[in-house]
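Hello,

My notes on what turned up follow below it.

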There are 2 protein chains.
Amino acid sequence: MNLKKRLRLYVITDRRFKDEVSSVREALEGGATAIQLRIKNAPTREMIEVGKKIRELTREYNALFFVNDRLDVALAVNADGVHVGQEDMPVEIVKEIAPNLIVGVSASNLREAIEAEKGGADYIGAGSVFPTKSKEDARFLGLEGLKEMIESIKIPIVAIGGINHENVGEVLKLGVDGVAVISAIIGAPDVKKATQEMKTIINEVLGE
Amino acid sequence: MNLKKRLRLYVITDRRFKDEVSSVREALEGGATAIQLRIKNAPTREMIEVGKKIRELTREYNALFFVNDRLDVALAVNADGVHVGQEDMPVEIVKEIAPNLIVGVSASNLREAIEAEKGGADYIGAGSVFPTKSKEDARFLGLEGLKEMIESIKIPIVAIGGINHENVGEVLKLGVDGVAVISAIIGAPDVKKATQEMKTIINEVLGE
Ligand code: NI
């Protein structure tokens with residue numbers, strides 16, 4: 001399966017909603033194709049312990065596994081890749097240290113996306129598409145900005161920010177390769193069911 | 001110069017006292033032989049930017065450069081090594097990912113020191129020797145515990161925790177290879193002078 005297809009439904013952990021391991025297990029059961037471990041302000045050893053469990057689960061379900069920000073943790077748990085924001089390690093340095101990892105870069109405007117692509121990014125996390133509270137630091141891209149990015153960028157684009165089962169259709173129709181979701185899945189009362197619902201819509205729009 | 005000699009005066013940054021780059025410059029002017037960059041809760045990119053400046057300064061002064069906890073930052077800035085605590089990445093994993101880095105491990109008792117040595121640590125950061133406030137999470141080792149550790153461990157031992165120019169003599173006489181200092185140097189009104197005073201005592205006890 002190519003990278004684009006494996007980025008279709010990209011679920012990001014958030015322990016403020018639910019602990020990482022159980023929410024990842026449910027999201028994988030529901031059809032998530034990629035998981036991002038995102039933990040802030042925990043000891044490195046705890047990140048590694050959680051990451052190793054998620055590595056096992058994602059292998060079992062043949063899903064991609066990314067670690068947010070922390071290349072050290074990604075290497076320690078044999079993740080498939082690392083996702084870096086504009087305040088994290090520059091993609092060029094990540095690629096020098098770990099040329100075999102898949103590297104995603106967050107971009108909130110076209111300039112950042114072009115720079116990331118030039119720097120060697122393998123995909124763009126484009127957002128925030130809608131206003132959101134789950135990443136306080138997220139800057140706004142909007143649907144117009146997303147459309148412009150899709151027209152200019154060749155690497156896969158995963159849209160992020162405020163995406164739920166109500167609005168995912170219009171986002172997908174713009175031409176993104178996947179959607180990244182936090183609260184609409186990890187914050188749902190039934191994580192597995194919320195993932196399944198989202199996956200059904202995605203497969204309807206993008207084809208099986 | 002061998003590792004032991006390069007660990008003699010090991011200065012750890014603390015931005016609560018003074019910004020990293022200017023304090024490191026002064027400590028190096030004063031004779032520090034090793035620097036540890038220790039930043040908590042800052043963006044990774046900021047750690048890398050600060051780390052690169054410290055890498056330049058430590059090269060200029062032929063001092064060792066360690067990064068606390070963050071192997072990713074250590075690799076990104078070409079540090080000489082990384083220092084890990086009991087809640088950080090296990091030394092065995094650090095050595096697998098980065099076999100060429102010097103790895104120090106914090107130990108607050110003999111069991112932790114023995115485990116670290118078996119795991120491949122290159123030196124032990126042994127402490128806290130005296131009560132201290134600069135690392136809130138530091139556990140107490142004491143002079144008796146330090147003595148026991150020196151008798152049992154073959155790799156170099158750097159004592160840490162509450163060491164100042166008043167008590168450094170008795171610590172060195174126990175047989176440690178170096179001392180690590182935060183507040184007595186970085187918290188001093190004149191960092192360079194505080195470093196010089198400490199260095200003079202160290203060289204008196206250990207020889208030039
Ligand atoms: Ni005095």
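Between chain A and chain B, about 1700 Å² of area is buried, and carbon and sulfur atoms give 58% of that. Please keep in mind that this is a predicted model. In terms of residues, 20 from chain A are in contact with 20 from chain B.

What holds charged groups together here? Across the interface of chain A and chain B, the rule finds 2 salt bridges. One to look at is the salt bridge of Arg70(A) with Asp72(B), where the closest N and O atoms are 3.9 Å apart. Polar contacts between chain A and chain B come to 8 residue pairs, both residues being at pLDDT 80 or more.

If you colour the side of chain A that touches chain B, you will find that α3 (44-60), α4 (71-76) and α5 (91-97) of chain A each supply at least two of its residues. By class, the residues on that side of chain A are 9 nonpolar, 4 polar and 7 charged.

Helix α2 (residues 20-29) and helix α10 (residues 191-206) of chain A pack with their axes 7 Å apart, at an angle of about 35 degrees. The crossing of α2(A) past α10(A) is right-handed. On the α2(A) side the contact is made by Ser23(A), Glu26(A), Ala27(A) and Glu29(A), and on the α10(A) side by Val191(A), Lys192(A) and Thr195(A). This contact of α2(A) with α10(A) has 3 charged, 2 polar and 2 nonpolar residues.

Methods:
Residues numbered from 1 in each chain as written. Chains lettered and ligands numbered in written order. Predicted model: local features only at pLDDT ≥ 70, side-chain atom pairs only at ≥ 80, totals over all residues. Heavy atoms only, no water. Axes fitted to C-alpha atoms, helices over the stretch in contact; angles between N-to-C directions. Helix = DSSP H or I, 4+ residues; strand = E, 2+ residues; numbered from the N terminus. Left-handed = near helix turned anticlockwise from the far one by under 90°. Contact = heavy atoms within 4.5 Å. Nonpolar A, V, L, I, M, F, W, Y, C, P; charged D, E, K, R; others polar. Buried area = accessible area lost by both parts, 1.4 Å probe. Salt bridge = Lys/Arg side-chain N within 4 Å of Asp/Glu carboxyl O. Polar contact = N/O pair within 3.5 Å; in protein donor to acceptor, adjacent residues only side chain to side chain.
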